[in-house]
Amino acid sequence: TIVRQRFIDEGRIQMMLHHPNIVRVHELLEDPVLAFVMEYVDGGTLEEYLQERGPLGATELLEVMLPVMSALGMSHSRGIVHRDLKPSNILVRRAGGVMHPKVMDFGVAKLSRDRSLTATGTTVGTLHYMSPEQIVGSKSIDGRADIYSLGITLYKLCTGEVPFNASTEFALMMAQVEAQPTPPSRLNPEIDPELEAIILKALRK
């Protein structure tokens with residue numbers, strides 16, 4: 001089935017990605033049950049951290065997101081697009097007062113040179129973090145989709161809010177495709193103007 005094949009592909013993709021900020025899959029088991037043997041990360045998700053502590057300061061933001069960007073850069077260099085980047089897919093371990101992030105869940109990742117595992121007429125990813133080209137069903141998704149999701153992740157880490165929200169899925173999808181984000185400095189006046197410029201550039205349609 002398509003779900004089984006996605007699961008197997010996720011394991012194979014993550015086994016290819018040897019990076020200190022990507023959760024390592026050591027082994028893919030298919031018998032007697034389908035399973036991964038994965039690295040254990042002693043920590044919660046970035047989403048949980050945000051809910052507990054509120055928006056991140058500049059130092060914490062750089063500490064967490066620069067390694068995440070490094071992980072994505074390596075993934076993209078291998079032709080792999082994550083397609084579902086969001087705070088709940090980034091684990092954070094604290095050691096020696098420093099935050100060590102690990103990107104996980106390549107379950108909807110796509111090899112840019114490979115077939116799509118998306119069933120006809122369906123969309124994969126999480127709407128609040130999904131790029132416009134994913135929403136409209138573009139056949140040529142590349143690393144720019146992850147950059148858009150990264151921009152939304154940065155926005156939320158700085159403000160505690162996502163830039164686009166709506167009462168229905170359709171309205172949210174239309175906002176991702178057409179609406180311009182409220183500048184994050186309106187929600188957090190302390191945000192650095194250079195960081196705001198980076199976020200807004202990442203969120204360009």
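1. The radius of gyration of the protein is 17 Å, which agrees with the value near 17 Å for a compact globule of 205 residues. This radius is taken over C-alpha atoms, and the globule rule is 2.2 Å times the number of residues to the power 0.38. Along the principal axes, the C-alpha atoms fill a box of roughly 55 × 45 × 30 Å.

2. The model is predicted: local features need pLDDT of at least 70, side-chain atom pairs count only at pLDDT 80 or more, and totals for chains, interfaces and linings use all residues. Residues are numbered from 1 along each chain as its sequence is written, and side-chain values use heavy atoms, with hydrogens and water left out.

3. The protein contains 7 helices and 7 strands, in the order α-β-β-β-α-α-β-β-β-β-α-α-α-α along the sequence. Helices (H or I, at least four residues) and strands (E, at least two) are DSSP runs numbered from the N terminus.

4. Of the 205 residues, 46% are buried; buried means under 20% relative accessible area, exposed over 50%, and partly exposed in between, with a 1.4 Å probe and protein chains only. Among contacts with a separation of 6 or more, 65% are between residues 24 or more positions apart, a contact being heavy atoms within 4.5 Å.

5. The largest nonpolar core has 40 residues, and Met65 and Ile199 have the most contacts inside it. Such a core is a set of buried Ala, Val, Leu, Ile, Met, Phe, Trp, Tyr and Cys residues joined through side-chain atoms within 4.5 Å. Elements supplying at least two core residues each include α3 (58–77), α5 (143–159) and α7 (193–202). Leaving out residues up to four places away in sequence, Ile199 touches Gly151, Leu154, Tyr155, Cys158, Pro184 and Ile191.

6. Glu133 lies in helix α4 (residues 132–135) and is partly exposed, with a relative accessible area of 21%. Beyond its neighbours within four places in sequence, Glu133 contacts Ser138, Ile141, Arg144 and Ala145. The C-alpha atoms of Glu133 and Thr168 are separated by 19 Å, the two residues being 35 apart along the chain.

7. Two points of backbone geometry deserve attention. Most residues other than glycine have a negative phi, and most peptide bonds are trans. Asp31 and Pro32 are joined by a cis peptide bond with omega of about 5°, and Pro32 is in the loop between β1 (25–29) and β2 (35–38). Arg83, in the loop between β4 (80–81) and β5, has a positive phi near 75°; Arg83 counts as buried because its relative accessibility is 8%.
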